[in-house]
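Let's take a friendly walk through a protein model together. Have a look at the picture, then read on about a pocket and a sheet.

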Amino acid sequence: MDYKKAGVDIEAGYKSVELMKEHVKKTMREEVLGGIGGFSGAFSMDKFKGMEHPTLVSGTDGVGTKLKLAFIMDKHDTVGIDCVAMCVNDIACAGGEPLFFLDYIACGKNYPEKIASIVKGVADGCIQSDAALIGGETAEMPGFYPEDEYDLAGFAVGVVDQKDLITGANIKAGDTLVGIASSGVHSNGFSLVRSVFKMDKETLDTYHEELGKTLGEALLAPTKIYVKTMKSIKKAGVTVKGCSHITGGGFYENVPRMLPEGAHAVIEKSSYEVPAIFRMLQKEGDIEEHMMYNTFNMGIGLVLAIDPKDVDTVLEAVKAAGETPYVIGHIEAGEKGVTVC
């Protein structure tokens, strides 16, 4: 008996590392110290000595059951973008700049080419957010995961000068809410998605005219990364008062997280067109509308609270970053919470 007969192939692990190195190298920043393959990743903080009060911000998350679709479709090169997005978007919401990212892949069997494909997606997400992929772990766990399945999670660290933290504390009645378009379902609500649609290759490979693509392509579309968009807004000279990443719990859970006591958000459903994938989900699943807005992002991945005088500047900055903005509501005085009407 040896480790390989027990289900763990050390040689496959070595090959996975070699295959992923080309993708990891593309994410390097000048602050990264040392090479790939050490026991930890090192990152110099010298560049941030000029900040008055440099403050670290962090985020950790996974991709959730969206991975089930990747298994069925045998497409693994985009879920890494989702993993990065779920972490770095949270950092951007605090006004932070993501610095580096680490991933964790647990699998039933290490197929080096598949692992490398997953890491390529992680690297692509890091490139989109200007974060360095400085480390990670691939754990082969036979008997714990099926041989053809895996889980993917990550952890990101960013920095912000304390005076530039986005806390929501200064949000007040009269402020404007700007929504930035999502790419689709992103990485939340897939347990409900998988209850609505039949999860087999034939169903996912079916083309739908209203989607302009197959159902699987629409559902597997990677989560938008909003780091460069937030940088564009900051560069335009605008102070964002509050920022909410619309993830699990939809509008009803996430928008109040950026609000101070005494501030109530009002979001107008008619202010933008809800993407076809959500209309299809609601119809096919016979899902009550409140549940839709309490589960999914409904086409809005990020919500910003800004001073009304900054609206035009923010809209232009978001467009300059290649994203689509909408004025979707406002802040009223009242009980902390949100009304979607």
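## A pocket and a sheet

Gly95, Val160, Asp164, Ile166 and Lys234 lie nearest the centre of the second largest pocket, which has 25 lining residues. Here a pocket is an open set of points on a 1 Å grid over the protein atoms alone, where a 1.4 Å probe fits, with protein on both sides within 12 Å along at least five of seven lines; lining residues have an atom within 4 Å of a point. The model is predicted, and local features need pLDDT of at least 70, side-chain atom pairs 80 or more, while totals for chains, interfaces and linings use all residues. Residues are numbered from 1 along each chain as its sequence is written, and side-chain values use heavy atoms, without hydrogens and water.

Helix α8 (227-235) gives the largest share of this pocket's lining, five residues. Helices (H or I, at least four residues) and strands (E, at least two) are DSSP runs, numbered from the N terminus. The lining splits by class as follows:

| Class in the lining of the second largest pocket | Count |
|---|---|
| Nonpolar | twelve residues |
| Polar (Gly included) | six residues |

Two strands pair if DSSP finds at least two bridges between them; β3 and β6 (residues 150-161) have nine, in the antiparallel sense. Within that pair, Pro54 stands opposite Asp161.
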